[in-house]
Amino acid sequence: IMPLGDSVTQADSSHASYRRNLWRLITREPFSVDFIGSLQENFEGPNPYQDFDLDHEGHWGWRADEISEMLPTWLALNVPDIALIHLGGNDVLQNQTTSSTISDLENIVSILRTANPKIAILIAQLIPLPFNNQFIEELNSQIPTLAARLDTDLSQVIVVDQNTGFEPGDLTYDGIHPNEE
């Protein structure tokens, strides 16, 4: 499994990302799981928790086009069976258009499928922001259409709704990044 994304995937040196809780849930089941990626560090230092598989491709502050550009290099080292994509927040914050972000996400799916034609891909609808949220909503509204268009029997593309019911005031440590809850 390749956790692929931005700061929500990476987290900083004082906080865990969703990767830790996901790892703890997955490893309760009787099958082998391996997170893969070229990074183990969080932004500005080590993960505050060392009790799970730290490998990932989360890149603090990166847009979807920047991830797309580097993805072939990372895939030369690690080819996933499953990719967990959480991208688009920095695109919104850096004034990229929704259409360019959707195009970049489509390119990421294509690159992942070149490395593994049978890959399962989960694309997140992003958590709300305390500002610019209308652009997050616009992007989130187009992700299901993208997923439906790209979904195949050989390589599923699944939407993960991380937006519905998410309250930034309660569930973030800074209004943008999820807290451990």
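**Strand, cores and rings**

Tutor: Start with Q125, which lies in strand β4. Helices (H or I, at least four residues) and strands (E, at least two) are DSSP runs, numbered from the N terminus. This is a predicted model, where local features need pLDDT of at least 70 and side-chain atom pairs count only at pLDDT 80 or more, while totals for chains, interfaces and linings use all residues. Residues are numbered from 1 along each chain as its sequence is written, and side-chain values use heavy atoms, with hydrogens and water left out.

Student: OK. Is Q125 buried or exposed?

Tutor: Q125 counts as buried, at 13% relative accessibility. Buried means under 20% relative accessible area, exposed over 50%, and partly exposed in between (1.4 Å probe, protein chains only).

Student: What does the side chain of Q125 reach?

Tutor: The backbone oxygen of N140, at 2.8 Å. That falls under polar contacts: a pair of N or O atoms within 3.5 Å, where within protein one must be able to donate a hydrogen and the other to accept it, and residues adjacent in sequence count only if both atoms are side-chain atoms.

Student: Which residues is Q125 in contact with?

Tutor: Leaving aside neighbours within four places in sequence, they include N140, I143, P144, V159 and V160. Contact means heavy atoms within 4.5 Å.

Student: Zooming out, how many helices and strands are there?

Tutor: The protein has 7 helices and 5 strands. Along the sequence they follow the pattern β-α-α-β-α-β-α-α-β-α-β-α.

Student: And how compact is the protein?

Tutor: Its radius of gyration is 15 Å, close to the 16 Å that the globule rule gives for 181 residues, so the protein is as compact as a globular protein of that length. The radius is taken over C-alpha atoms, and the rule is 2.2 Å times the number of residues to the power 0.38. The C-alpha trace spans about 40 × 35 × 30 Å along its principal axes.

Student: How much of the protein counts as buried?

Tutor: 48% of the 181 residues. As for contacts between residues at least 6 apart in sequence, 71% join residues at least 24 apart.

Student: Which residues touch the most other members of the largest nonpolar core?

Tutor: L4, L71, I85, I108, L112, I121 and I123, in a core of 30 residues. The elements that give two or more residues to this core are β1, α3, β3, α5, β4 and α6. A second, separate core has 8 residues, among them I1, W23, I26 and L84. A nonpolar core is a set of buried Ala, Val, Leu, Ile, Met, Phe, Trp, Tyr and Cys residues joined through side-chain atoms within 4.5 Å.

Student: New topic. How many aromatic pairs are there?

Tutor: The count is 3. One of them is W23 with F35, which is edge-to-face at 5.2 Å centre to centre, with 65° between the planes. W23 lies in helix α2 and F35 in the loop between α2 and β2, so the pair ties together parts that are 12 residues apart in sequence. W23 is buried at 14% relative accessible area, and F35 is buried at 0%.

Student: What about F43 and W60?

Tutor: Their ring centres are 4.5 Å apart and their planes at 10°, so that pair is stacked. Rings of Phe, Tyr and Trp (its six-membered ring) pair if their centres lie within 6.5 Å; planes under 30 degrees apart count as stacked, over 60 as edge-to-face and the rest as tilted. F43 is partly exposed at 29%, and W60 is partly exposed at 24%.

Student: Last one. Where is T172?

Tutor: T172 lies in the segment after α7, and counts as buried at 10% relative accessibility. A polar atom of its side chain lies 2.5 Å from the backbone oxygen of P168. The side chain of T172 also reaches the backbone nitrogen of G175, at 2.9 Å. Not counting residues up to four places away in sequence, T172 touches F166, H177, P178 and N179.
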